[in-house]
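Good morning. Please look at the structure on the screen, and I will go through some side-chain contacts.

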Amino acid sequence: MLCQSNEELNEYVKEAKRYTVKGKVADYIPALAKANPNDLSIAIHYPDGSCISAGDIEKKITLQSISKVISLALVLMDRGPEYVFERVGMEPTGDPFNSMIKLETLAPSKPLNPMINAGALVVTQMIKGADVEEKFERLLSFIRELADDPKITYNEEVARSEFETTYLNRSLCYFLKQHGAINGEIEELIDLYTKQCAVEMNCLDLARIGVVFAMDGIDPMSGKQIMPANVARICKTFMVTCGMYNASGEFAIKIGIPAKSGVSGGIMGAVPGRFGIGIFGPALDEKGNSIAGIKLLELLSKKYKLSMF
Ligand SMILES: NC(=O)CC[C@H](N)C(=O)O
(Lines give C-alpha, C1' and ligand atoms only; values in the text may rest on other atoms or scores of the structure.)
Protein backbone atom coordinates (compact mmCIF):
# COMPACT_ATOMS: atom_id res chain seq x y z
CA MET A 1 0.00 0.00 0.00
CA LEU A 2 1.09 3.57 -0.58
CA CYS A 3 2.11 5.88 2.29
CA GLN A 4 0.30 4.75 5.42
CA SER A 5 0.21 8.17 6.90
CA ASN A 6 0.76 11.81 6.13
CA GLU A 7 3.95 11.58 8.16
CA GLU A 8 5.60 9.32 5.66
CA LEU A 9 4.50 11.50 2.75
CA ASN A 10 5.86 14.51 4.66
CA GLU A 11 9.26 12.87 4.78
CA TYR A 12 9.24 12.43 1.01
CA VAL A 13 8.15 16.03 0.52
CA LYS A 14 10.99 17.17 2.77
CA GLU A 15 13.49 15.21 0.73
CA ALA A 16 12.17 16.36 -2.65
CA LYS A 17 11.94 19.98 -1.49
CA ARG A 18 15.73 20.19 -1.55
CA TYR A 19 15.47 20.40 -5.33
CA THR A 20 13.30 23.52 -5.44
CA VAL A 21 16.41 25.74 -5.31
CA LYS A 22 17.50 24.34 -8.66
CA GLY A 23 14.28 25.43 -10.35
CA LYS A 24 12.65 28.68 -11.35
CA VAL A 25 9.01 29.80 -11.35
CA ALA A 26 7.47 30.59 -14.73
CA ASP A 27 7.45 34.32 -15.40
CA TYR A 28 6.48 34.55 -19.06
CA ILE A 29 2.92 34.79 -17.74
CA PRO A 30 3.56 37.74 -15.39
CA ALA A 31 0.98 36.72 -12.76
CA LEU A 32 2.66 33.32 -12.29
CA ALA A 33 5.92 34.97 -11.24
CA LYS A 34 4.37 35.69 -7.83
CA ALA A 35 4.48 32.01 -6.80
CA ASN A 36 6.77 30.95 -3.98
CA PRO A 37 9.49 28.71 -5.49
CA ASN A 38 9.85 26.90 -2.17
CA ASP A 39 6.35 25.46 -2.11
CA LEU A 40 5.76 21.76 -2.50
CA SER A 41 2.58 19.89 -1.66
CA ILE A 42 0.95 16.62 -2.63
CA ALA A 43 -2.38 14.89 -2.22
CA ILE A 44 -3.15 11.28 -3.02
CA HIS A 45 -6.76 10.31 -3.55
CA TYR A 46 -7.83 6.68 -3.32
CA PRO A 47 -10.91 5.19 -4.99
CA ASP A 48 -12.50 4.51 -1.59
CA GLY A 49 -12.61 8.25 -0.96
CA SER A 50 -9.75 8.41 1.48
CA CYS A 51 -6.98 10.87 0.88
CA ILE A 52 -3.54 11.57 2.30
CA SER A 53 -1.47 14.67 1.87
CA ALA A 54 1.63 16.63 2.77
CA GLY A 55 2.54 20.30 2.46
CA ASP A 56 0.17 23.22 2.23
CA ILE A 57 -2.61 21.64 0.22
CA GLU A 58 -4.90 24.63 0.60
CA LYS A 59 -2.79 26.60 -1.87
CA LYS A 60 -4.47 27.10 -5.20
CA ILE A 61 -2.85 26.40 -8.54
CA THR A 62 -4.01 27.33 -12.00
CA LEU A 63 -4.23 24.32 -14.27
CA GLN A 64 -2.30 25.76 -17.23
CA SER A 65 -1.37 22.80 -19.46
CA ILE A 66 -3.10 20.29 -17.17
CA SER A 67 -6.31 21.73 -18.60
CA LYS A 68 -5.34 20.31 -22.01
CA VAL A 69 -6.22 16.76 -20.90
CA ILE A 70 -9.59 17.88 -19.61
CA SER A 71 -10.53 19.90 -22.69
CA LEU A 72 -9.47 16.92 -24.79
CA ALA A 73 -11.77 14.62 -22.79
CA LEU A 74 -14.68 17.04 -23.21
CA VAL A 75 -14.10 17.44 -26.94
CA LEU A 76 -13.79 13.66 -27.44
CA MET A 77 -17.22 13.38 -25.81
CA ASP A 78 -18.59 16.34 -27.78
CA ARG A 79 -17.35 15.29 -31.19
CA GLY A 80 -16.07 11.71 -31.07
CA PRO A 81 -12.48 10.53 -31.69
CA GLU A 82 -12.79 10.39 -35.47
CA TYR A 83 -13.68 14.08 -35.81
CA VAL A 84 -11.04 15.12 -33.27
CA PHE A 85 -8.18 13.12 -34.77
CA GLU A 86 -8.87 14.39 -38.25
CA ARG A 87 -7.83 17.76 -36.84
CA VAL A 88 -5.10 16.95 -34.33
CA GLY A 89 -2.53 14.16 -34.40
CA MET A 90 -1.42 11.48 -31.93
CA GLU A 91 2.37 11.75 -32.07
CA PRO A 92 4.83 13.26 -29.59
CA THR A 93 6.97 16.09 -30.97
CA GLY A 94 10.13 16.03 -28.87
CA ASP A 95 9.94 19.83 -28.93
CA PRO A 96 8.96 22.36 -26.24
CA PHE A 97 5.22 22.79 -25.66
CA ASN A 98 5.03 26.16 -27.38
CA SER A 99 7.23 25.27 -30.35
CA MET A 100 6.16 26.07 -33.86
CA ILE A 101 8.86 24.28 -35.77
CA LYS A 102 7.10 20.99 -36.60
CA LEU A 103 3.95 22.81 -37.56
CA GLU A 104 5.81 24.46 -40.36
CA THR A 105 7.90 21.52 -41.47
CA LEU A 106 5.56 18.57 -40.89
CA ALA A 107 1.91 19.31 -40.45
CA PRO A 108 0.89 22.90 -41.17
CA SER A 109 -2.80 22.18 -40.84
CA LYS A 110 -2.73 19.48 -38.17
CA PRO A 111 -0.77 19.92 -34.94
CA LEU A 112 1.02 16.72 -33.97
CA ASN A 113 -0.80 16.17 -30.66
CA PRO A 114 -3.32 17.81 -28.28
CA MET A 115 -0.78 18.37 -25.46
CA ILE A 116 1.33 20.97 -27.27
CA ASN A 117 -0.09 24.48 -27.39
CA ALA A 118 -0.88 24.35 -31.12
CA GLY A 119 -2.88 21.12 -30.65
CA ALA A 120 -4.56 22.36 -27.49
CA LEU A 121 -5.72 25.54 -29.25
CA VAL A 122 -7.30 23.42 -31.98
CA VAL A 123 -8.93 21.22 -29.32
CA THR A 124 -10.28 24.22 -27.39
CA GLN A 125 -11.78 25.51 -30.60
CA MET A 126 -13.79 22.27 -30.84
CA ILE A 127 -15.59 22.71 -27.48
CA LYS A 128 -19.29 22.95 -28.26
CA GLY A 129 -21.22 26.08 -27.34
CA ALA A 130 -22.77 29.17 -28.91
CA ASP A 131 -20.13 31.61 -27.65
CA VAL A 132 -17.04 31.84 -25.43
CA GLU A 133 -19.18 32.11 -22.32
CA GLU A 134 -21.20 28.98 -23.02
CA LYS A 135 -18.12 26.99 -24.06
CA PHE A 136 -16.26 28.00 -20.91
CA GLU A 137 -19.28 27.25 -18.70
CA ARG A 138 -19.49 23.77 -20.21
CA LEU A 139 -15.79 23.15 -19.58
CA LEU A 140 -16.05 24.51 -16.05
CA SER A 141 -19.03 22.32 -15.16
CA PHE A 142 -17.19 19.27 -16.47
CA ILE A 143 -14.18 20.17 -14.29
CA ARG A 144 -16.46 20.73 -11.27
CA GLU A 145 -18.04 17.34 -11.83
CA LEU A 146 -14.66 15.60 -12.16
CA ALA A 147 -13.38 17.20 -8.95
CA ASP A 148 -16.76 16.99 -7.24
CA ASP A 149 -16.28 20.60 -6.25
CA PRO A 150 -18.92 23.09 -7.40
CA LYS A 151 -16.86 26.03 -6.14
CA ILE A 152 -14.09 25.66 -8.71
CA THR A 153 -13.68 28.74 -10.89
CA TYR A 154 -10.89 30.55 -12.71
CA ASN A 155 -8.35 33.11 -11.57
CA GLU A 156 -9.20 36.31 -13.40
CA GLU A 157 -5.84 37.93 -12.78
CA VAL A 158 -3.92 34.98 -14.24
CA ALA A 159 -6.28 34.75 -17.21
CA ARG A 160 -5.94 38.47 -17.92
CA SER A 161 -2.18 38.39 -17.46
CA GLU A 162 -1.83 35.64 -20.04
CA PHE A 163 -4.43 37.16 -22.37
CA GLU A 164 -2.50 40.43 -22.45
CA THR A 165 0.89 38.87 -23.11
CA THR A 166 0.39 35.66 -25.08
CA TYR A 167 1.83 36.75 -28.42
CA LEU A 168 3.27 33.30 -29.07
CA ASN A 169 -0.10 31.57 -28.73
CA ARG A 170 -1.64 34.26 -30.94
CA SER A 171 0.99 33.61 -33.57
CA LEU A 172 0.30 29.85 -33.42
CA CYS A 173 -3.38 30.64 -33.97
CA TYR A 174 -2.71 32.90 -36.94
CA PHE A 175 -0.44 30.27 -38.46
CA LEU A 176 -3.11 27.61 -37.96
CA LYS A 177 -5.78 29.90 -39.34
CA GLN A 178 -3.74 30.48 -42.49
CA HIS A 179 -3.67 26.70 -42.95
CA GLY A 180 -7.34 26.16 -42.23
CA ALA A 181 -6.92 24.40 -38.86
CA ILE A 182 -8.52 27.29 -36.97
CA ASN A 183 -11.40 29.17 -38.48
CA GLY A 184 -13.10 31.26 -35.81
CA GLU A 185 -12.27 34.62 -34.26
CA ILE A 186 -8.76 34.37 -32.79
CA GLU A 187 -9.26 36.82 -29.92
CA GLU A 188 -12.26 34.76 -28.80
CA LEU A 189 -10.26 31.55 -28.90
CA ILE A 190 -7.41 33.16 -26.93
CA ASP A 191 -9.97 34.43 -24.42
CA LEU A 192 -11.38 30.92 -23.95
CA TYR A 193 -7.95 29.25 -23.87
CA THR A 194 -6.48 31.66 -21.31
CA LYS A 195 -9.54 31.22 -19.07
CA GLN A 196 -9.25 27.44 -19.42
CA CYS A 197 -5.57 27.60 -18.40
CA ALA A 198 -6.46 29.83 -15.44
CA VAL A 199 -9.00 27.43 -13.87
CA GLU A 200 -7.86 27.19 -10.30
CA MET A 201 -7.95 24.46 -7.67
CA ASN A 202 -5.85 22.94 -4.89
CA CYS A 203 -3.94 19.69 -5.19
CA LEU A 204 -6.72 17.75 -3.46
CA ASP A 205 -9.04 18.62 -6.34
CA LEU A 206 -6.29 17.71 -8.76
CA ALA A 207 -5.86 14.30 -7.12
CA ARG A 208 -9.63 13.82 -7.16
CA ILE A 209 -9.67 14.37 -10.93
CA GLY A 210 -6.67 12.04 -11.25
CA VAL A 211 -8.56 9.22 -9.56
CA VAL A 212 -11.40 9.49 -12.11
CA PHE A 213 -8.88 9.04 -14.94
CA ALA A 214 -7.20 6.23 -12.96
CA MET A 215 -10.54 4.43 -12.65
CA ASP A 216 -11.34 4.59 -16.38
CA GLY A 217 -13.68 7.56 -16.21
CA ILE A 218 -15.74 6.35 -13.26
CA ASP A 219 -16.03 8.49 -10.17
CA PRO A 220 -15.38 5.67 -7.70
CA MET A 221 -17.12 7.51 -4.87
CA SER A 222 -20.45 7.99 -6.62
CA GLY A 223 -20.08 5.13 -9.09
CA LYS A 224 -20.99 7.48 -11.93
CA GLN A 225 -19.28 7.10 -15.30
CA ILE A 226 -18.26 10.73 -15.91
CA MET A 227 -16.56 10.00 -19.20
CA PRO A 228 -16.54 6.86 -21.34
CA ALA A 229 -13.69 4.44 -20.54
CA ASN A 230 -12.38 4.89 -24.06
CA VAL A 231 -12.05 8.65 -23.58
CA ALA A 232 -10.18 8.16 -20.28
CA ARG A 233 -7.93 5.62 -22.00
CA ILE A 234 -7.06 8.00 -24.86
CA CYS A 235 -6.31 10.82 -22.39
CA LYS A 236 -4.09 8.60 -20.23
CA THR A 237 -2.20 7.45 -23.28
CA PHE A 238 -1.46 11.06 -24.25
CA MET A 239 -0.42 11.73 -20.66
CA VAL A 240 2.18 8.97 -21.01
CA THR A 241 3.44 9.91 -24.47
CA CYS A 242 3.22 13.73 -24.28
CA GLY A 243 2.05 14.73 -20.77
CA MET A 244 5.39 16.03 -19.49
CA TYR A 245 6.26 17.92 -22.67
CA ASN A 246 9.58 16.92 -24.22
CA ALA A 247 10.57 15.16 -20.99
CA SER A 248 7.83 12.53 -21.37
CA GLY A 249 10.23 9.74 -22.38
CA GLU A 250 12.48 10.22 -19.38
CA PHE A 251 9.44 10.54 -17.12
CA ALA A 252 8.02 7.27 -18.49
CA ILE A 253 11.29 5.49 -17.77
CA LYS A 254 11.89 6.95 -14.32
CA ILE A 255 8.32 7.14 -13.02
CA GLY A 256 6.07 5.31 -15.46
CA ILE A 257 2.60 6.70 -14.77
CA PRO A 258 0.19 8.81 -16.84
CA ALA A 259 0.73 12.40 -15.69
CA LYS A 260 0.20 15.93 -16.95
CA SER A 261 2.06 19.00 -15.85
CA GLY A 262 1.48 22.74 -16.17
CA VAL A 263 3.80 25.76 -15.97
CA SER A 264 2.14 26.83 -12.74
CA GLY A 265 3.98 23.87 -11.18
CA GLY A 266 1.02 21.52 -10.98
CA ILE A 267 1.15 17.84 -11.85
CA MET A 268 -1.89 15.58 -12.08
CA GLY A 269 -1.12 11.88 -11.96
CA ALA A 270 -3.39 8.88 -12.51
CA VAL A 271 -2.02 5.55 -11.34
CA PRO A 272 -4.25 3.11 -13.24
CA GLY A 273 -6.67 1.28 -10.97
CA ARG A 274 -4.95 2.62 -7.85
CA PHE A 275 -5.18 6.35 -7.13
CA GLY A 276 -4.98 9.94 -8.29
CA ILE A 277 -2.16 12.34 -7.44
CA GLY A 278 -2.14 16.13 -7.25
CA ILE A 279 1.14 18.00 -6.82
CA PHE A 280 1.98 21.67 -6.54
CA GLY A 281 5.60 22.79 -6.77
CA PRO A 282 6.02 26.00 -8.77
CA ALA A 283 9.82 25.87 -9.21
CA LEU A 284 10.26 24.45 -12.71
CA ASP A 285 13.07 22.68 -14.51
CA GLU A 286 14.31 23.85 -17.91
CA LYS A 287 11.55 21.94 -19.72
CA GLY A 288 8.80 23.56 -17.65
CA ASN A 289 7.98 20.70 -15.26
CA SER A 290 7.87 21.03 -11.46
CA ILE A 291 11.43 20.14 -10.50
CA ALA A 292 10.66 18.97 -6.95
CA GLY A 293 7.33 17.49 -8.03
CA ILE A 294 9.11 15.16 -10.42
CA LYS A 295 11.65 14.26 -7.77
CA LEU A 296 8.81 13.48 -5.36
CA LEU A 297 7.11 11.24 -7.92
CA GLU A 298 10.40 9.51 -8.59
CA LEU A 299 10.80 8.70 -4.89
CA LEU A 300 7.21 7.48 -4.62
CA SER A 301 7.39 5.45 -7.81
CA LYS A 302 10.51 3.63 -6.67
CA LYS A 303 9.22 2.97 -3.20
CA TYR A 304 5.71 1.87 -4.16
CA LYS A 305 6.39 0.38 -7.59
CA LEU A 306 4.07 2.71 -9.42
CA SER A 307 5.47 2.16 -12.91
CA MET A 308 3.04 0.56 -15.34
CA PHE A 309 5.91 -0.80 -17.38
N1 LIG B 1 2.95 24.41 -20.42
C2 LIG B 1 1.92 25.11 -19.99
O3 LIG B 1 1.43 24.95 -18.89
C4 LIG B 1 1.47 26.15 -20.97
C5 LIG B 1 0.13 26.75 -20.64
C6 LIG B 1 0.14 28.24 -20.84
N7 LIG B 1 -1.13 28.78 -20.55
C8 LIG B 1 0.59 28.58 -22.26
O9 LIG B 1 -0.15 28.44 -23.17
O10 LIG B 1 1.69 29.00 -22.47
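I start with Asp-219, which forms a salt bridge with Arg-208, the closest N and O atoms being 3.4 Å apart. A salt bridge here is a side-chain nitrogen of Lys or Arg within 4 Å of a carboxyl oxygen of Asp or Glu. Asp-219 lies in the loop between H10 and H11 and Arg-208 in helix H10, so this pair ties together parts that are eleven residues apart in sequence. Helices (H or I, at least four residues) and strands (E, at least two) are DSSP runs, numbered from the N terminus.

Before I go on: this is a predicted model, in which local features need pLDDT of at least 70 and side-chain atom pairs count only at pLDDT 80 or more, while totals for chains, interfaces and linings use all residues. Residues are numbered from 1 along each chain as its sequence is written, and side-chain values use heavy atoms, with hydrogens and water left out.

Is Asp-219 buried or exposed? Buried means under 20% relative accessible area, exposed over 50%, and partly exposed in between (1.4 Å probe, protein chains only). Asp-219 has 4% relative accessibility, so it counts as buried. Arg-208, at 8%, is buried too.

Arg-208 also meets Asp-148 in a salt bridge, at 3.2 Å from N to O. Arg-208 is in helix H10 (residues 203-214) and Asp-148 in the loop between helix H6 (132-147) and strand E4 (153-154), so the pair ties together parts 60 residues apart in sequence. Asp-148 is exposed, with a relative accessible area of 53%.

Another of them joins the side chains of Asp-95 and Lys-102, 2.9 Å from N to O. Asp-95 is buried at 16%, whereas Lys-102 is partly exposed at 25%.

Now the aromatic rings. A search of the whole structure finds six aromatic pairs. Rings of Phe, Tyr and Trp (its six-membered ring) pair if their centres lie within 6.5 Å; planes under 30 degrees apart count as stacked, over 60 as edge-to-face and the rest as tilted. One of the pairs is Phe-85 with Phe-238, tilted, at 5.9 Å centre to centre and 35 degrees between the planes. This pair links distant parts of the chain: Phe-85 is in helix H3 (residues 81-87) and Phe-238 in helix H11 (residues 229-242), 153 residues apart. Phe-85 is buried at 13% relative accessible area, and Phe-238 is buried at 5%.
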